[in-house]
Structure formats: C-alpha cells, structure tokens
2 protein chains.
Amino acid sequence: MKITTPMQLAAGGITAAQGFQAAGVEAGIRYQNRKDLALIYTEQPARAAAVFTRNRVQAAPLLITREHMQQQRLSAVVVNAGIANACTGRQGLIDARQMAAMAADRLGLGIQEVAVASTGVIGHYLPMDRLEAGIVRAVSSLSPTSGGSAAEAIMTTDTQTKEAAWSYQWEGCQITVGGMAKGSGMIHPNLATMLAFLSTDAEVEPNFLQQALAEAVEDSFNLVSVDGDTSTNDMVLLLANGRAGNSAITREHGGELFLTALRLVAVSLAKQIARDGEGATCLIEVQVSGAATEGDARLAARAVANSSLVKAAVYGRDANWGRVLAAVGYSGANFDPDQVTIWLGPIKVAEQGCGIPFDEAGAREYLTGDPVEIRIELNAGVQTATAWGCDLSPEYVAINASYRS
Amino acid sequence: MKITTPMQLAAGGITAAQGFQAAGVEAGIRYQNRKDLALIYTEQPARAAAVFTRNRVQAAPLLITREHMQQQRLSAVVVNAGIANACTGRQGLIDARQMAAMAADRLGLGIQEVAVASTGVIGHYLPMDRLEAGIVRAVSSLSPTSGGSAAEAIMTTDTQTKEAAWSYQWEGCQITVGGMAKGSGMIHPNLATMLAFLSTDAEVEPNFLQQALAEAVEDSFNLVSVDGDTSTNDMVLLLANGRAGNSAITREHGGELFLTALRLVAVSLAKQIARDGEGATCLIEVQVSGAATEGDARLAARAVANSSLVKAAVYGRDANWGRVLAAVGYSGANFDPDQVTIWLGPIKVAEQGCGIPFDEAGAREYLTGDPVEIRIELNAGVQTATAWGCDLSPEYVAINASYRS
C-alpha cells in the first residue's frame with residue numbers, strides 16, 4: 001500500500017469526526033446505576049452503510065434499521081444495552097419502530113432517518129416508558145464531546161469502552177474516521193453480539209462507502225473470535241456526513257487513503273473487543289503467513305484464534321504448539337503439515353510440522369505477557385492473514401453461567 | 001425400523017463378542033501408576049473397517065493403520081495413552097510402524113495384521129523401550145475377560161471407562177457387537193481426540209462392514225461435541241471375526257439388524273463420551289424435530305450441542321432459551337425463526353420464536369438434573385436428529401490450561 005499522506009491517530013471515538021454529536025444516559029432498561037442508552041446524531045444527514053449479522057435469527061432492531069436504510073441516509077442512531085429485543089416477534093418490531101419514532105420526534109427528523117440497535121438478553125421486551133424517558137434525556141445531552149459517554153452506554157459485559165479515531169489530509173481537507181464498539185461475549189467471525197458505529201466527515205460516493213465498509217469489516221471484526229457463538233443483534237454502521245468538504249471519494253479517487261483510515265479504526269476496535277473478551281487476561285494475535293490463498297490464510301488464522309484448547313493453553317501459559325497445528329489442520333485451509341513452522345512470539349517451537357527443542361521457561365515467560373503472538377508460516381505461498389482472540393479463563397464460564405439471571 | 005428380533009444389552013465391551021481377547025497394562029508411557037497400554041486380539045483374523053479424523057494433520061499411527069488396513073484384515077490393535085505420536089515427522093512413522101511390529105512379533109502375526117492408535121499430548125516421541133516392555137506384558141495378559149482393563153488403559157483425561165455391548169439372535173446364531181471408547185476433551189463432530197474400538201463376532205461382507213460403520217459413526221460419534229476442536233488422532237475401528245458362524249451379512253441379508261446393534265453400541269459410547277466431557281456435570285441431549293431435511297436437523301442439533309454459551313447457561317442452571325435459538329440461527333439450517341418451539345425437558349419455554357411465560361423455578365430445577373434434554377421443533381418438515389454435548393464448567397478450563405504440563 002502506497003501511503004504518501006501519513007495517518008494520524010486522533011482523540012476520541014464516534015464524535016471525533018466533524019459534525020457528529022453523541023450522548024450516553026442512564027435509562028434503567030435492565031440495570032440500575034449505569035448508562036444504557038446511547039444516541040448518535042449528525043448535524044447534517046449522512047450517507048450510511050451497514051453490515052449485519054449472518055445469523056438467520058435477526059433481532060427486531062436489525063430489521064427496522066435495514067428498512068430505514070433503504071434510502072442510505074441517516075441522521076441519528078439510538079442504541080440500548082441490557083435487552084436485545086431479539087426473539088420478540090411482532091411486538092419486538094413494533095417496539096423497535098417506536099424506538100426510532102421517539103428519537104425522530106424529539107430530533108425533528110423523519111423516522112426513516114433514525115437507525116436503532118439493541119444488545120443484551122434475548123427474548124425480553126423493551127420497557128418503552130423508560131426508553132422514552134431516556135431518549136428525551138439523551139437528546140438534551142447531545143454534544144460533540146460526549147463520544148466517550150456514548151461508548152460507555154452501549155457496554156454489556158464489557159469491562160472497558162472501545163473507541164478509536166484516525167485522521168488524514170486529502171485535497172486540503174482534514175478527514176477523520178472514528179468509531180466505538182461493544183462486545184465481549186458471543187464474539188465470533190461474521191459478527192457476534194458486537195455493535196460498532198463508525199463515523200466520518202468525508203464525503204463518500206454511496207456505493208464505495210458500502211464496499212469500503214464491507215472490506216474493512218472483513219479484515220477486522222470478521223477476524224475476531226471470543227467464543228464461537230454468532231449473535232442475533234450484530235451490526236456495523238458507518239455514517240459519512242461530508243462535513244470535511246472534500247470532493248466525493250470513490251475507489252479510484254482517494255479510495256485507498258479512506259480505506260486505510262477506515263481499516264485502522266476497525267482493526268483497533270476489533271482488537272479492543274478481543275482483548276476485552278469475557279474473562280480474558282490477554283489478547284491473542286494469530287499471524288498466518290505463506291498461505292497459498294488469502295482464503296486459506298484467513299481460515300487458518302481464525303481456526304487458531306477460535307480454538308478453545310489453544311485459548312485454554314494460553315491462559316495456562318502452556319506452550320502447547322500441538323494444539324495450534326491441530327487447529328490449522330481442521331481449519332479447512334490447504335497446506336502440507338510437514339512444512340509448517342510455528343513461533344510463540346520470538347520463540348520458534350515447531351519446524352517442518354515437528355516440535356523442536358526450545359526454551360520452555362522462556363516460552364512460559366513470554367506467555368505471561370499481553371498480547372500473545374502466535375505466528376504460523378505455512379510455506380505454501382505468499383498470502384497472509386491476522387486474526388485476534390483472547391485466552392479462555394474459568395471466569396468466562398462464570399460470567400456466562402449467570403448472565404441472564 | 002422394523003425389528004422382529006429383540007436387541008439385548010450384553011455385559012462388557014470390546015471382549016463381549018466371541019473370540020476377542022484384550023489386555024490393559026501399565027507401561028509408563030508418560031504417567032506412572034496407571035494403565036496406559038491396551039491390546040486387542042482376535043483369535044481368528046477379522047475383517048476390518050475404519051473411520052479416521054478429517055483433520056489435515058494426521059498422527060503417525062493413523063497413517064500406519066491406514067496402510068495396514070489395505071487388505072482389510074486385522075488380528076490385533078495396540079493402543080497407547082499419554083503421547084499422541086502426532087506432529088512427530090519421520091521418526092513418528094518409524095515409531096508407529098515399530099509399535100505394530102513389536103506386537104506382531106510377540107503374537108506371531110504379520111505386521112500388516114496389527115493396527116496402532118495413540119492418544120495424548122502432541123509433538124512428543126514415544127518411549128520405545130517402555131512401549132516394548134509394555135507390549136510384552138500385554139501379550140501375556142491377554143484374556144477374554146479383560147475388556148474393562150483395556151478400556152481403562154486408553155483413558156487420558158477421561159474420568160470413567162466407556163464400554164457397551166448388544167446382542168441379538170439371527171439365523172440361529174447369537175451375534176454380539178461390543179466396543180470401548182475414550183475421549184473427553186477435543187471432542188467434536190467429525191471425530192476429535194476420540195478413539196473407539198468396536199468388535200463383533202458376526203461374519204459381514206467387507207463393503208457393507210465399512211458402510212455400516214460409516215453410517216453408525218454419522219449417527220453417533222459425529223453428533224457429539226465437547227469443545228469444538230477436532231483432533232489429529234481419532235479413529236473408530238471395527239473388527240468382525242465371523243466367530244458367530246452366521247452367513248455373511250449384507251445390506252439386504254440381515255443388514256438392518258446388524259446396523260441396529262452397531263448403532264446402539266456407537267450411540268451408547270458417544271453419549272458416555274459427551275457425559276464425561278472435561279469438567280462436565282451433565283449430559284446435554286439436543287433433539288431437533290420438524291426439519292425440512294435430515295441435514296438441517298443435524299446442523300441445528302450440532303450447533304446447539306456445541307454452543308459455548310448454551311453449555312455455560314446449562315452449567316449455571318439458567319433457562320436461557322435465547323441462546324438455543326441463536327445457535328440454531330447460525331447453524332446453517334434452513335428454517336423460519338418465527339415457527340420455532342423450544343422445550344427444556346418437559347417445560348415449553350418458547351413458541352413461534354418468542355419467549356412464553358414459563359415456570360422459571362421449575363426450569364431451574366429441571367436443569368439441575370442429568371441428562372438435560374433440549375427439544376427444538378422447527379415446524380419446517382418431518383426430519384429429526386439428536387446430538388449430544390455437555391455443560392461447560394470452569395473445571396474444563398482448569399483441565400485444559402495445564403494438560404501438557
């Protein structure tokens with residue numbers, strides 16, 4: 001990738017780009033004394049692109065947001081945590097539509113300009129009265145500096161907010177891409193209970209906006225795995241309000257720079273999600289190189305990042321490279337096991353598919369760090385991929401044994 | 001299925017059928033003071049059929065056993081626990097071949113008549129001297145009543161031996177199918193670190209023997225899941241020595257009865273494996289009905305049995321049916337979410353894809369039992385499937401964090 005203009009890390013998240021405001025308030029959706037309602041607002045209508053869960057069971061807010069996105073213009077997004085409004089039938093659809101209407105009313109927008117998202121427990125209905133009171137408070141709290149507050153309000157079992165933003169100069173304009181995300185359980189390739197909201201002040205041609213989002217998601221959120229479960233509620237939503245004043249970006253006209261910024265934000269959020277996996281004590285980064293095809297590289301990287309046995313071994317600081325090779329073996333990737341080399345960080349632990357003598361104490365020491373890098377050279381070609389996961393601790397089970405209660 | 005001859009539960013496992021002997025001895029392969037070497041022997045050569053792991057990384061003993069099975073006749077199987085002899089390159093192949101040769105020598109057989117299997121840690125080499133001493137002792141300990149001892153010797157993190165046997169009368173002959181299995185971690189559809197050895201005294205036409213085994217595996221071991229990892233060492237081996245004196249069984253000639261007995265043994269062993277999943281406190285049986293195709297039913301049942309979130313909820317005695325529906329949703333099965341009904345045991349918890357009021361205390365009470373049955377009616381057709389799993393406890397992680405050490 002040729003980048004002549006440097007990318008710069010920017011402060012903040014969803015409100016880092018110009019013309020975006022946000023709010024996070026306590027609405028008492030399911031829990032007390034914590035923010036659980038976020039509102040994102042753009043001062044001028046934005047072109048919108050989205051990627052949704054591939055789960056056949058799709059929560060009501062996804063169906064409504066899809067409907068509202070038919071005209072590819074959005075001005076606001078309302079998100080609640082605590083209740084997913086999934087598996088709630090006709091009532092769920094009525095509630096999700098009403099959720100958009102309540103925000104539209106207070107913001108003076110058409111209902112079609114408002115997207116909705118929910119995360120939390122499945123099968124419960126939204127408390128519409130508390131939701132409405134929350135939306136009223138959120139509208140009056142909107143500000144260009146409240147991105148962090150919104151990032152807090154979309155958390156469920158997350159222990160940390162997840163924000164990222166990058167800027168660059170193009171054609172004399174300062175363009176920023178920012179975003180926030182949530183997700184720590186049910187995280188898996190193809191979007192698990194993961195919500196990510198991205199914003200940019202760039203003007204982007206609509207078709208390219210959707211393509212750019214799809215490509216960035218493929219290289220970031222779709223390469224993260226916590227537990228192999230794909231949820232009913234995930235979405236990644238990107239709003240581009242054009243406030244930067246640039247001429248419309250297309251793939252040929254400024255597309256590469258924009259994609260770079262978008263990928264940086266998406267990968268940063270994806271890694272924050274993996275690191276905050278339920279019960280996790282470290283981020284695992286799996287780097288596969290030397291694959292015959294990009295597809296093979298991705299399959300292999302994802303299988304290792306998703307292996308419960310690899311995750312548990314990392315938690316136990318056990319240099320169990322055999323589990324790594326076994327996971328590559330069942331990944332579906334095409335390769336010759338006798339050609340594989342594996343490193344844990346700087347330490348080579350297997351070569352030509354066999355274990356080699358290595359510094360066991362050093363490996364154990366390395367595995368106490370964070371992040372843990374597992375590098376796999378397939379020696380079958382030149383393609384690469386990186387996937388992210390986290391270790392598997394007893395705490396994961398404790399969290400998920402009692403989540404609904 | 002029309003069964004005119006009743007199937008009878010028989011005592012024992014791998015030596016329940018006539019003409020089979022076994023032994024289990026302490027060879028000190030990796031651990032002290034526990035049996036870790038099993039030998040199976042048939043007094044007259046048996047026709048053999050096998051199913052192997054689909055993992056691209058295949059352990060040395062699998063490669064050697066495949067080679068020896070080319071003539072479809074076996075007289076003995078040597079199995080060690082503690083070291084998997086996987087990812088061991090050329091030396092591993094030499095060791096596996098030598099393991100077969102040592103048993104062949106002592107039993108007066110050709111090396112091609114001996115199959116080998118290994119289970120345990122990946123990437124370590126077999127201690128050939130201790131293995132040989134063990135084989136010598138095993139040969140002298142062979143007896144028709146030592147099936148239980150052999151079942152003990154193939155255990156790794158298993159907490160219980162796994163044996164089953166069924167008999168029936170056909171054409172005046174008493175036919176018995178028996179077997180033993182091991183496996184409690186890395187258990188997943190398509191064979192994980194799971195070894196199963198089945199024996200029968202029936203005379204069976206060779207092609208049908210292989211088909212019958214493949215079908216029985218599809219309905220049993222391939223519907224079991226503990227943790228989603230598929231291993232490098234799995235195999236299911238079936239030996240038929242013809243001692244019962246029947247005319248050769250084909251699909252048309254006695255095939256249905258034989259398959260019934262074989263399935264009963266395989267399903268029993270599969271359930272024992274699921275129940276003994278690492279750290280498990282209960283067996284989970286997932287019954288899917290009303291699927292449009294058998295493939296859909298199997299996909300849905302397996303996804304639920306394999307969901308970490310469903311498993312953790314069962315461990316927590318939490319009637320979290322939303323996770324069940326979400327797993328069906330990402331399973332790849334074709335169905336309409338709005339038509340799904342879900343029961344936890346006798347308690348209906350969701351209908352038409354939505355939660356319904358149910359007795360929460362009763363459901364919690366039900367979930368303290370063993371096994372836990374999760375029933376899912378898709379209302380999309382008439383096909384059914386059953387899959388088995390276990391709950392996910394913090395103990396699973398503790399076991400797998402330190403297995404190699």
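This is a predicted model: local features need pLDDT of at least 70, side-chain atom pairs count only at pLDDT 80 or more; totals for chains, interfaces and linings use all residues.
Residues are numbered from 1 along each chain as its sequence is written, and chains are lettered from A and ligands numbered from 1 in the order in which they are written.

We begin with a group of strands in chain A. Helices (H or I, at least four residues) and strands (E, at least two) are DSSP runs, numbered from the N terminus, and two strands pair if DSSP finds at least two bridges between them. Strands of a sheet pair through backbone hydrogen bonds, either parallel or antiparallel. Strand S6 of chain A, residues 162-170, runs antiparallel to S7(A) and is joined to it by nine bridges; within this pairing, A:Ala164 has A:Gly179 as its bridge partner. On to the next pairing: S7(A) is also joined by six bridges to strand S8 of chain A, residues 195-200, again in the antiparallel sense, and here A:Gly178 stands opposite A:Ser199.

How enclosed is strand S7 of chain A? A residue is called buried if 20 or more other C-beta atoms lie within 10 Å of its own, exposed if 12 or fewer, and partly exposed in between, with the C-beta atoms placed from the backbone. Eight of the 10 residues of S7(A), which covers residues 173-182, are buried, so this strand is largely enclosed by the rest of the structure.

The hairpin of S6(A) and S7(A) has two residues between the strands, and A:Glu171 there takes a positive phi near 50 degrees. A:Gly172 lies in the loop between S6 and S7 of chain A, and this glycine is exposed because its count of other C-beta atoms within 10 Å is 8. Although A:Gly172 and A:Asn246 are 74 residues apart along the chain, their C-alpha atoms are separated by 8.0 Å.

Next come two pairs of helices. Axes are lines fitted to C-alpha atoms, for helices over the stretch in contact, and angles run from 0 to 180 degrees between N-to-C directions. In chain A, the axes of helix H2 (residues 89-107) and helix H3 (residues 128-141) come within 10 Å and cross at roughly 30 degrees, which means that H2(A) is roughly parallel to H3(A). Angles under 35 degrees count as roughly parallel, over 145 as roughly antiparallel, 65 to 115 as roughly perpendicular and the rest as oblique. H2(A) passes H3(A) in a right-handed crossing, where a crossing is left-handed if the near helix is turned anticlockwise from the far one by less than a right angle, and right-handed if clockwise. Residues are in contact if their C-beta atoms, placed from the backbone, lie within 7 Å; among those that meet across these helices are A:Met99 and A:Met102 in H2(A) and A:Leu131 and A:Ile135 in H3(A).

In chain B, helix H5 (residues 206-218) and helix H6 (residues 255-275) pack at an angle of about 40 degrees, with their axes 9 Å apart, and they are therefore oblique to each other. Their contact involves residues including B:Phe208 and B:Ala212 of H5(B), together with B:Phe258 and B:Leu262 of H6(B). The crossing of H5(B) and H6(B) is right-handed.

Chain B also holds an open sheet of six strands, in the order S13-S12-S11-S14-S10-S15, with mixed pairing. Strand S13 (354-355) and strand S15 (383-390) of chain B stand at its edges with a single partner strand each, so one side of each is left without a neighbour in the sheet. Two bridges join S13(B) to strand S12 of chain B, residues 347-351, in the antiparallel sense, and B:Ala350 stands opposite B:Gly355. Helix H10 of chain B, residues 360-367, packs on this sheet, touching S11, S12 and S14 of chain B, and its direction makes about 115 degrees with that of S12(B).

Finally, we turn to the interior. A nonpolar core is a set of buried Ala, Val, Leu, Ile, Met, Phe, Trp, Tyr and Cys residues joined through C-beta atoms within 7 Å. The largest such core has 291 residues, and those touching the most other members are A:Ala300, A:Val304, B:Leu39, B:Ala300 and B:Val304.

Conventions: Two residues are in contact if their C-beta atoms, placed from the backbone, lie within 7 Å.
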